[in-house]
Each structure stands twice: as C-alpha cells, then as structure tokens.
Amino acid sequence: IHLFYCFYFLHLKLVFMFRVDLLSFGVFSAVSMFLNTLTPKFYVALTGTSSLISGLILIFEWWYFRKYGTSFIEQVSVSHLRPLLGGVDNSSPNSSSSSSSNGDADSSRQSVSECKVWRNPLNLFRGAEYNRYTWVTGREPLTYYDMNLSAQDHQTFFTCDSDHLRPADAIMQKAWRERNPQARITAAHEALDLEDCATAYILLAEEEATTIVEAEKLFKQALKIGESCYRRSQQLQHHGAQYEAQHRRDTNVLVYIKRRLAMCSRKLGRTREAVKMMRDKFPLLSMFKYYISLPKSATICYTAALLKARAVSDKFSPEAASRRGLSTAEMNAVEAIHRAVEFNPHVPKYLLEMKSLILPPEHILKRGDSEAIAYTFFHLQHWKRVEGALNLLHCTWEGTVFHEVSVYPKKELPFFILFTAGLCSFTAMLALLTHQFPELMGVFAKAFLSTLFAPLNFIMEKVESILPSSLWHQLTRI
C-alpha cells in the first residue's frame, strides 16, 4: 500500500518536473496539446484506479484500527520516520519504563493527577465477579479501552527496570503485557513454579479465583511475600537508583494487596475489619493517593448529602415545606444535594432507578456517567436504608443548576482513515461524473489544469522578460 503512494507521488513529481521543463523552454502549448489528446476513457481509468487504491487503503486502515486501536500508517511513521528525523517516541515501552524511575516518576504521577480518567478504587474482581457476567450472558463486561488502561497501570506499578534480575519478575513483566487472560494466568503459574512472587499471586487472585474467598486466600499469600520484599528493599533503597525503583515497586505491590484485602473483607461482610485495614498507616502514603478517590468526588459529595439528609428525610414533606418554608436542617440537606448534583448530575437518575444500572468499569471519568455508575453500584443500598432519603433527592435534585455534562472519552478516528475515506469518496465521484459526462468533465479538467498552471506560466514569462536570453539559455542547459 505504501508502494502505491510512493509511485503515485513519484509520478506527480516527474510530471511536474516535465511541465516545468516545458515551461522553461516556453512551449506551454505542448502541454495543452498533450492534454487535448487524452480521451475521456483515460480520465475514467485514472480516477477509478485512484478510487480503488484509496478504498483498499481505507479498508486496511479500518481493519487495523479496529484490531489494534491505532492507525497503521501513523504507527509506521512514528516508529520508522520519526527516529530518522531525530524525534523520540514517547509511547515506546522503554521510554515508559524509564519514566517511572527517579525524577521522571514524580512528573508522571503529576500528569496522572491532572488526568480526568481515574482507576476505579472499588473495581470488581475479574475472576470472581466480572467473569460471572460473561458466563451468564456470553458478553464481555469491560471494554478494550478500559482493559488497556488497566494493563498500563499494572505495568507502571508492578514492574521496574530490574525485573530481569529475577526470573519470576521477568516472567510477570511479560505477563502484565499479555492480552490473552489465559496466557497471563499460565505465566503467573510459571513464575510461582520458579519462586514465590507477590505479583503472581495478585494476578491469580484477580483473574483466576472464582470466589471472593479464594481471592482473599491468594492475597494473604501475596501479603506475606510482599511485606518481606518491602522490608528488604526498604533497607537498600538509598544504595542507588535501581534499589530505589525496586522499593517503589514493592511499595506499590504492598499497598495494592492491602487495599484489595480490605475489599475482600467488605464483600464478605467484615466491615469493621475492612475499615481498620483502610485506616492502617501504609508505608508510603504518597503512593497510596493513587488508589483512593480524589479530595472531591461523587462518593464524598453524595455521602455528605446523605448524612445531612438522614437528619430530616424521615419527616420531610414537600407540601409542608412549601407552606412553612424549609428549616435550617432541611436547607442544609437541600444545599448538600445541590452541591452533589452540580458535581455529577448523572448520579440521581441511577439512585432513583430511572436508568438501568450495569457493572462498574475499572476506570471512571470524574463527573461523568461512569463515575455515577460506580458510585450507585456500591451506595444505592445506603440510600435505601435511610428512610425518605430517596424521596428528598427526588423532590430537590431537578432544581440544581447543572454544569456542562461530561462524557466518557471515546477514541477518535485516526487522521489517515478520514483522509483516505475522503480521498476515496472524492475520486469515486470524479470517476462516476467522468463516465456519465465525459465531454463536460474534460472541459472542467482542462480548465482546472490551465488555471492551476496559469500563475506558474505568468512567473516564467516574467522571468524570461527580466533575465538576459543568454543567461536563461545557460540555466536551462544546467
């Protein structure tokens, strides 16, 4: 496909040079004579061939984009042309792995904090929860975009540059990049056959365990190994950049294990134990900030509204409030609901069951529909337990002044797909018009070419009139 483009542009270049050469000799009429000898069949064949080539490129680009999520031409250009031009590919694995060391890690975490899409801190277990939906319906509950973000998170927080020093870590580094779930699980078992590996137990707990009890057992095994690795790397973290990267990775692993163990306790009904684990002082609280909600989130805003509504919701009546006005406590509850709705206007329709609820994704968009789904999935039961809370929400939320509703980001079509689609459509239209109206399109083609080369012909005439004939003769010979 690229050869077609190369030959096509080479042909245009040769034709252009030929025409310039003709113009330099002042025989522009020869071009007109050549164009006059072309029949309409030539124009039909030219535009039809261009349309066919553009269509083939469009089909291939669309297939490649649907399968791999990127443009083939763009990927080849970035991979092969940019290095030749002296550029650096920031999306390569080496650059992403190196950015997680030393000072680059701080900048990468800062860029994550400025991003709207965040990992869902209460995401479900793939093996014990998401896969149940697949078993029943035969459909995948997670999108490719969501799982791709999770794979990037796993590579960032569970791997480091020194993984090749330990065979198990080297295997897990490849496992986190594997797209096939069964291949990831097989790689985790291979790593455990070599030695105890905390990240291997994490992967098995997340994706192979079919119940929360099984996942909790695997996470407890991972916790023992993770604490041992953390203590070992903590003593060596100041001996060099390599040891510092290992300590950062071990901290991430330990924090993740404790958070997921707390999730298991919560799902198994041991709420006090889950709260205690979440309140424990983690080794490095700055690393833990990634896993919890932002200072302002739908969970915080709507929980604050629920706490204020709990004090007045059981006795709240719209008719009575319209007659006597709102009390101070009722006004505080209504204002808290309005603040929550202003932050995320998607939540009330899910809480009031006006929209169908689905499984929450692994990543959410702050103030978006995905965050509303994630919040409602876990907290709808709390609103139902408070008598009158949903009634108060139903009576007051529609009076809120909404912000511009945010949407979950969708991957835009690459430029080359749009370009080839437009080129294919344009050339196909020209071929059809040329076939139906050959004489008229021939007149248009000749007029277009004459207009296109008129400025160049004018410049060449001016140059001929200014430069001496002898000098111009020498230049044309060169």
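This is a predicted model: local features need pLDDT of at least 70, side-chain atom pairs count only at pLDDT 80 or more; totals for chains, interfaces and linings use all residues.
**Aromatic pairs and a helix crossing**

F377 is partly exposed, with a relative accessible area of 31%. Its partner in an edge-to-face aromatic pair is F378, which is buried at a relative accessible area of 8%.

**Aromatic pairs**

- The count of aromatic pairs comes to 8.
- One of them joins F158 and W176: the ring centres are 5.3 Å apart and the planes stand at 45°, so this pair is tilted, falling between the 30 and 60 degree cut-offs.
- F158 belongs to helix α8 (residues 144-158) and W176 to helix α9 (residues 167-177), so their pairing ties together parts that are 18 residues apart in sequence.
- Both F158 and W176 are buried.
- For F377 and F378, the distance is 5.1 Å centre to centre, with 75° between the planes; the pair is edge-to-face because that angle is over 60 degrees.
- F60, W63 and Y64 form a cluster linked by ring pairs.

**A charge over a ring**

- R260 places its charged end over the ring of F125, at 4.1 Å from the ring centre.

**Helices α18 and α21**

- Helix α18 (residues 328-343) packs with helix α21 (residues 389-396) at an angle of about 70°, and their axes are 10 Å apart.
- That angle makes α18 roughly perpendicular to α21, because it falls in the range of 65 to 115 degrees.
- The crossing of α18 past α21 is right-handed.
- On the α18 side, A333, V334, I337 and H338 make the contact, meeting L392, L393 and T396 of α21.

Definitions and conventions: Residues are numbered from 1 along each chain as its sequence is written. Side-chain values use heavy atoms; hydrogens and water are left out. Rings of Phe, Tyr and Trp (its six-membered ring) pair if their centres lie within 6.5 Å; planes under 30 degrees apart count as stacked, over 60 as edge-to-face and the rest as tilted. Helices (H or I, at least four residues) and strands (E, at least two) are DSSP runs, numbered from the N terminus. Buried means under 20% relative accessible area, exposed over 50%, partly exposed in between (1.4 Å probe, protein chains only). A charge sits over a ring if NZ of Lys or CZ of Arg is within 6 Å of the ring centre and within 35 degrees of the ring normal. Axes are lines fitted to C-alpha atoms, for helices over the stretch in contact, and angles run from 0 to 180 degrees between N-to-C directions. Angles under 35 degrees count as roughly parallel, over 145 as roughly antiparallel, 65 to 115 as roughly perpendicular and the rest as oblique. A crossing is left-handed if the near helix is turned anticlockwise from the far one by less than a right angle, and right-handed if clockwise. Contact means heavy atoms within 4.5 Å.
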